[in-house]
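The sequence and the model are shown first.

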Amino acid sequence: MIELSVNGKSFSYDGDEDMPLLWFIRENAELTGTKYGCGIGQCGACTVHIDGEAVRSCTIPMAEAKDADIKTIESISDGEKLHFVQRAWIEEDVPQCGYCQSGQIMATVKFLEEFPNPTNEDINNYHTNICRCGSYEEMRRAIHLAAKLKSEGAA
């Protein structure tokens, strides 16, 4: 039996321990903000936080999620109040098709914890999620804006 927490809610799972965490999040926890992209951990559309680390949930088997604290895109806003990264994404008009955006935002939240004042080089080297629409310049501006909002105390 695997016990885990998703967005503060406790779950038990007794199925296939090799099943990717992504499918548990989408089908068992019924949280569909986390997307399936490539299925091999390359694109990052499935990025979630496990015990505070940004990971690609399509490559994490359920066995590795035992006793984990998982956060998805649905957990980062505070009710009606958007997270500062979400606000920056909207202000910089980042989404085009929007499919990869939840993974992009989850990766950015963790990235800004490690790089509170990122340079373009930091972004290019460490923000490795893929956007098929190619909105990288808009994301770069949004990441800089999110860093500014965070430094100003935005929640």
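From the N terminus on, the elements follow the order β-β-α-β-β-β-α-α-α-α, giving 5 helices and 5 strands. Helices (H or I, at least four residues) and strands (E, at least two) are DSSP runs, numbered from the N terminus. The model is predicted: local features need pLDDT of at least 70 and side-chain atom pairs pLDDT 80 or more, while totals for chains, interfaces and linings use all residues. Residues are numbered from 1 along each chain as its sequence is written, and side-chain values use heavy atoms, without hydrogens and water.

The C-alpha atoms fill a box of roughly 45 × 30 × 25 Å along the principal axes. The radius of gyration, taken over C-alpha atoms, is 15 Å, which agrees with the value near 15 Å for a compact globule of 155 residues. The globule rule is 2.2 Å times the number of residues to the power 0.38. Of the 155 residues, 47% are buried (under 20% relative accessible area, 1.4 Å probe, protein chains only). Among contacts (heavy atoms within 4.5 Å) between residues at least 6 apart in sequence, 60% join residues at least 24 apart.

The axes of H2 and H3 come within 9 Å and cross at roughly 125 degrees. That makes H2 oblique to H3; angles under 35 degrees count as roughly parallel, over 145 as roughly antiparallel, 65 to 115 as roughly perpendicular and the rest as oblique. Axes are lines fitted to C-alpha atoms over the stretch in contact, with angles from 0 to 180 degrees between N-to-C directions. The residues that meet are listed below.

| Helix | Residues in contact |
|---|---|
| H2 | Phe 84, Val 85, Gln 86, Trp 89 |
| H3 | Gln 101, Gln 104, Ile 105, Thr 108, Val 109, Leu 112 |

Conventions:
Buried < 20%, exposed > 50% of the residue type's maximum accessible area, 1.4 Å probe, protein only.
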